[in-house]
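Keep the structure open as you read.

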Amino acid sequence: MKTLTRTFVLTTALALSGMAAAPAFAYDENSTASVNVDTAGVGLQGYDPVSYHSVGVPQEGSAEFTAEFEGVTYHFTSEANRSRFVANPAGYAPAYGGFCQTGAAINKKLDIDPKSWRIADGVLYLYINDQAMTTFLKDHDNMTEAANANWPLIRDAKPSEL
């Protein structure tokens, strides 16, 4: 397995350290959950996971249309989207438990901005902001390998301890 260079990891960490200026979301830094949910157990900050795939833009869901998968309650814009999700939840749920993919690459469980995202090979990936996504894509292969290797090791850790 290729390893990210210490310089690259430090550069990435420094770039992401500026995330304090990013909007604060309902994110529990002391949770050991492997999924990124708010205090009510809602994932994607209430955005509809199906909308990323079907209309190509994140849309805020409604508490009127919900479904649960792997301990996360998702909101949907319509009954049709909820039904699509229920038929194939693993196909719509975000990677890395809904945490930032760049964060996983550098051994961090970072919250996300639901409007900073991409779909690759049918999988929804989320980022703390657009800068984190750009950073990830600059070294896509190595970052993907690092995120995939790190995730099993950090998935149940407290974000505050990483």
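Does Phe85 count as buried or exposed? The model is a predicted one, and in it Phe85 has a relative accessibility of 1%. Buried means under 20%, so Phe85 counts as buried.

Now look at the partner of this ring. Phe69 and Phe85 form an aromatic pair. A pair of aromatic rings is described by the distance of the centres and the angle of the planes. For Phe69 and Phe85, the centres are 6.2 Å apart and the planes stand at 85°. That makes the pair edge-to-face. Phe69 sits in strand E1, residues 62-69. Phe85 sits in helix H3, residues 79-87.

Phe69, Tyr74, Phe76, Phe85 and Tyr92 form one aromatic cluster. Elsewhere, Tyr127 pairs with Phe136. Their ring centres lie 6.0 Å apart and their planes meet at 55°, so this pair is tilted. Tyr127 and Phe136 are both buried. In total, the model has nine aromatic pairs.

Next, the spaces. Phe69 turns up again here. The second largest pocket holds about 230 Å³. Its lining has 15 residues, and those closest to its centre are Phe69, Glu70, Ala93, Pro94 and Gly97. By class, this lining has 10 nonpolar, three polar and two charged residues.

One cavity reaches 30 Å³ or more. The largest cavity has a volume of about 40 Å³. Of the 10 residues that line it, Asn36, Val37, Leu44, Gln45 and Asp111 are the closest to its centre. The lining divides into five nonpolar, three polar and two charged residues.

Step back to the whole chain. How many helices and strands does the protein chain have? It has seven helices and four strands. From the N terminus, the order is α-α-β-β-α-α-α-β-β-α-α. The chain has 162 residues, and 46% of them are buried. Consider the contacts with a separation of 6 or more: 65% of these join residues 24 or more positions apart. The accessible surface of the chain is about 8,100 Å². Carbon and sulfur atoms account for 51% of that surface.

Note on methods. Residues are numbered from 1 along each chain as its sequence is written. This is a predicted model: local features need pLDDT of at least 70, side-chain atom pairs count only at pLDDT 80 or more; totals for chains, interfaces and linings use all residues. Side-chain values use heavy atoms; hydrogens and water are left out. On a 1 Å grid over the protein atoms alone, a cavity is a set of points where a 1.4 Å probe fits but cannot get out, and a pocket is an open set with protein on both sides within 12 Å along at least five of seven lines; lining residues have an atom within 4 Å of a point. Grid points are joined across faces, edges and corners, and a volume is the space filled by probe spheres set on the points. Ala, Val, Leu, Ile, Met, Phe, Trp, Tyr, Cys and Pro count as nonpolar, Asp, Glu, Lys and Arg as charged, and the others, Gly among them, as polar. Rings of Phe, Tyr and Trp (its six-membered ring) pair if their centres lie within 6.5 Å; planes under 30 degrees apart count as stacked, over 60 as edge-to-face and the rest as tilted. Helices (H or I, at least four residues) and strands (E, at least two) are DSSP runs, numbered from the N terminus. Buried means under 20% relative accessible area, exposed over 50%, partly exposed in between (1.4 Å probe, protein chains only). Contact means heavy atoms within 4.5 Å. Accessible areas come from the Shrake-Rupley method with a 1.4 Å probe; for residues, only the protein chains shown count as cover.
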